[in-house]
Amino acid sequence: MFQRPRLSALFLALTFVLPLGPAAQAQAQACIVPANADALQQEVLTNLNAERKARGLSALRLSAKLDKAAQGHACDIARRRSISHESSDGGTLKTRLRKAGYSFRAAAENTGRGFGSGTRAVEWWMNSPKHRYNILLDRVRDVGIGIAVSDAPDSKLHWVLNFGASK
């Protein structure tokens, strides 16, 4: 006769007796990253740098630390179907950059939702005065690009750009 281990039965019992709170449930959900995320990231970077070059500004370079902060926030806002600059835990851009280990003297953030391509995202941001300002900010040199997909039935791309100048 087959007997299940007690630990599994205990785990199952605790799962039904002690449900996760909303914050824990959101963290437990996996982030959905599009299969073509690398290509989308490169498309955004190419378009950002074309806009900057056309205005005599230096090109942005990808930063692993800014990428980490941007991707984490993209996952967070995708789970919430939001474009908020505030994290679900109340965090701000500054707190996210510090957690990612990016020491900055200047920082800015663009978020967006629903753009089907990196080109379309940059076009939209360039037509929004505040977002355009961030893209053309002369003192930033680095960028992180996060992209995540909200779950079905919404299934929209959520975009985060973190701009920075390190100390």
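Good morning. I shall begin with confidence. The mean pLDDT of the chain is 86, and 83% of the residues reach 70 or more. Residues 1-28, however, have a pLDDT below 50, and beyond near neighbours in sequence this stretch has three contacts in the model. Where pLDDT is low, the predicted coordinates should not be read in detail.

Let us turn to helix 6, which covers residues 118-126. Which of its residues are buried? They are Gly-118, Ala-121, Val-122, Trp-125 and Met-126. Seen down the helix axis, these buried residues fall within an arc of 130°, and they therefore line one face of helix 6. The spacing follows a general rule: an α-helix has 3.6 residues a turn, so residues three or four places apart point the same way. As for partners, the buried residues of helix 6 pack against helix 3 (37-53), strand 2 (104-113), helix 7 (129-135) and strand 4 (157-166).

This brings us to the largest nonpolar core, which has 26 residues. Leu-48, Trp-125, Trp-159 and Phe-163 have the most contacts inside this core. At least two core residues come from each of helix 3, strand 2, helix 6, strand 3 (142-149) and strand 4. Strand 4 gives the largest share, with five residues.

Next, please find Asp-142, in strand 3. Is Asp-142 buried or exposed? Its relative accessible area is 5%, and because the cut-off for buried is under 20%, Asp-142 counts as buried.

Finally, some details of the backbone. Most residues other than glycine have a negative phi, and most peptide bonds are trans. The loop between strand 3 and strand 4 holds Pro-153, and a cis peptide bond joins Ala-152 to Pro-153, with omega about 5°. Ser-155 is placed in the loop between strand 3 and strand 4 as well; its phi is positive, about 50°, and the residue is partly exposed at 44% relative accessible area. Arg-81, in the loop between helix 4 (64-80) and helix 5 (93-99), has a positive phi near 55°. Arg-81 is partly exposed, at 35% relative accessibility.

Thank you for your attention.

Note on methods:
Residues are numbered from 1 along each chain as its sequence is written. This is a predicted model: local features need pLDDT of at least 70, side-chain atom pairs count only at pLDDT 80 or more; totals for chains, interfaces and linings use all residues. Side-chain values use heavy atoms; hydrogens and water are left out. pLDDT is the predictor's confidence in each residue, from 0 to 100. Contact means heavy atoms within 4.5 Å. Buried means under 20% relative accessible area, exposed over 50%, partly exposed in between (1.4 Å probe, protein chains only). Helices (H or I, at least four residues) and strands (E, at least two) are DSSP runs, numbered from the N terminus. The arc is that of the directions from the helix axis to the C-beta atoms. A nonpolar core is a set of buried Ala, Val, Leu, Ile, Met, Phe, Trp, Tyr and Cys residues joined through side-chain atoms within 4.5 Å.
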